[in-house]
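Subject: Structure for your review

Dear colleague,

Please find the structure below, followed by notes on what was found in it.

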Amino acid sequence: MDKQYPIFNITALRKGEKKAYEEIYTEFFGVLYHLCLHYLRNEKIAEELVQDTFLKLWEIRETLNEQINIRSFLYTITKNNCLNHLRNQKISLKHQENMKYLEMQFNYEALEKLGNYIQFEELRNKIDDAISKLPSEIIETFRLSRFEEFSYKEIADQQGISIKTVEARISRALRILRVELKDYLPIIYMISRIFC
Amino acid sequence: MSEEIFHKILNNTADESEKQEFFRSIEIDPEKKEEYLQYKNLYILGNLNPDQYRKQQDESFSNFWDRVQSAKPQRFIGQWMRYAAVFILASVLSFMANYVLYPKESADSGNHIEYSSEKGSVSTVHLKDGSSIWLSSGTKLVIDKNKKGETIARLNGEAFFDLISNPNRKFIVDLGQFQIRDIGTAFNVRAYESENTISTTLVKGQIDLIKDSGKSLLTIKPGEYVKYDKTNKEIAVNQQDPSIATAWKDGKFVFINQPLSEICMELENWYNVEIRIDDLKLANTRYTSVVKRSTTIEMVLKILSVTDQIQYEITNKKEGKDIIRIRK
């Protein structure tokens, strides 16, 4: 299932036209912000890092040509900046022996696993595909949980099921996805274990 | 491991003790950890719905647009002191270090490893025991084991050592005139062959300065900044905030009341350019500044030029380094 990507107007980007940057923002901000937000767990820093990425694009706008892969450029810079940020945070947290240090360490490792832009996009498409194949009752719960505003409690209320059921459905969804996506997730340990 | 905790970890509702239990348990179990990392990515990507950030997007874009439109040099920071111009580039691009490493293991000895970091980038070296070493722009580091089993590091450039305490391992930084001996510490060493001084700043732990004769010179405590002058062979110990010496590691230049000549040396090294100052008085004028390293040299010069009526001229060379002339 190939997505149709909008074609960016390179000439307008080079000239620094507002509309062209607005389009690029619309296309990418959400994805990049989501990644930063979830790996860094800080809204302000996530916003800063994503904005920095676009500023970097602005800075090099005159060197843009038809060949340059803008998507890959934006993704790579954001990911590297996130990794750098996590690394720096890890260093400062290490000395405080804070539990956050381990959390950041794992976030760092997880983010590293996302690979380059092509791998990331491939995984993203596969996940979308796999989600659409989930059993219908699970799909509804899972889709609701895809909106951050809905906590498990809210989903439970809305669907008239218990929080336990929400959890169970989401676990099942994740498990199905993991099996479905086994070729796309970097699995080092082949023996699959259930997480409970 | 209860499934409930696992969910709480994924959707970030676990409390501190639950997190502690969970992270400690996966830390010691690589298989479980691998599984967690996969689920984490799956959860994050599975929850990806870009449209939910429309509000943040609009705010961010309008902010972005304001910034790029007002990027022309401005007189934006007051508080001028006669000798110190404070220019803080708060709104600059984020640090993008190229973590490029070039380990060259020589064939004759398994204990001899060379690392280097190119101009304009910061590299990190991770040793097997968990210690890390950051290499600043244009730095070369050679690590050897001597007959006594001590690890000897030779440095041309600047490096930050974050060493794991290990009583069985002796780690020595050999600086020619003297050595730094360490047992589990974090410290910065600046020893460019091209510079007249060698300096070290201790962040934590303790390090000993040893003469090449083996005689202990002095013990350095955290927060102390030791500078050695190669010409008159004098050692000076001062107090300094360690974050200043290690700012390069976090992608910043920090200059505190430093002459323009020294600042330019730093800029030359990072941007790989040659800077000529046509005025001795100007070369000795002191500045205080914090600049992110990811900004362009042009931007740094632009800021200097608005802050202190400095003129600059960049000559792009086809071969060799670009030359920048600075004058009043």
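I begin with a residue in chain B: Arg154(B) is partly exposed, with a relative accessible area of 39%, where buried means under 20% relative accessible area, exposed over 50% and partly exposed in between (1.4 Å probe, protein chains only). Before going further, please note that this is a predicted model, in which local features need pLDDT of at least 70 and side-chain atom pairs count only at pLDDT 80 or more, whereas totals for chains, interfaces and linings use all residues. Residues are numbered from 1 along each chain as its sequence is written, chains are lettered from A and ligands numbered from 1 in the order in which they are written, and side-chain values use heavy atoms, with hydrogens and water left out.

Arg154(B) forms a salt bridge with Asp144(B), with 3.4 Å between the closest N and O atoms; the term stands for a side-chain nitrogen of Lys or Arg within 4 Å of a carboxyl oxygen of Asp or Glu. Arg154(B) lies in strand E7 (residues 151-162) of chain B and Asp144(B) in strand E6 (residues 139-145) of chain B, so the pair ties together parts that are 10 residues apart in sequence. Helices (H or I, at least four residues) and strands (E, at least two) are DSSP runs, numbered from the N terminus. Asp144(B), at 18% relative accessibility, counts as buried.

Strand E7 of chain B also holds Glu158(B), whose partner Arg190(B) sits in strand E10 (residues 186-191) of chain B, 32 residues apart.

In chain A, a salt bridge joins Lys44(A) to Glu48(A), the closest N and O atoms being 3.2 Å apart. The two residues are 4 apart in helix H3 (residues 43-59) of chain A, and therefore separated by about one helical turn. Lys44(A) is exposed at 60% relative accessibility, while Glu48(A) is partly exposed at 39%. Over all chains, the count comes to 17 salt bridges.

Turning to the interface, the contact (heavy atoms within 4.5 Å) takes 68 residues from chain B and 76 residues from chain A. The two chains bury about 7100 Å² between them, 61% of it on carbon and sulfur atoms, buried area being the accessible area (1.4 Å probe) that two parts lose on being put together, summed over both. In chain B, Gln38(B), Leu42(B) and Leu45(B) lose the most area to chain A, together 9% of what that side buries. There are 3 salt bridges between chain B and chain A, and Lys19(B) and Glu103(A) meet in a salt bridge at 3.3 Å, N to O. On the side of chain B that touches chain A, H3(B) gives the most, with 17 residues.

Finally, there are strand pairings in chain B, where two strands pair if DSSP finds at least two bridges between them. Strands E11 (residues 197-204) and E14 (residues 224-229) of chain B run antiparallel and are joined by 5 bridges, and Ser199(B) has Lys227(B) as its bridge partner in E14(B). E14(B) is also joined by 6 bridges to strand E15 (residues 234-239) of chain B, again antiparallel, and there the bridge partner of Lys227(B) is Ala236(B). E14(B) and E15(B) form a hairpin with 4 residues between them, and Lys233(B) in the turn has a positive phi of about 55 degrees.

With best regards
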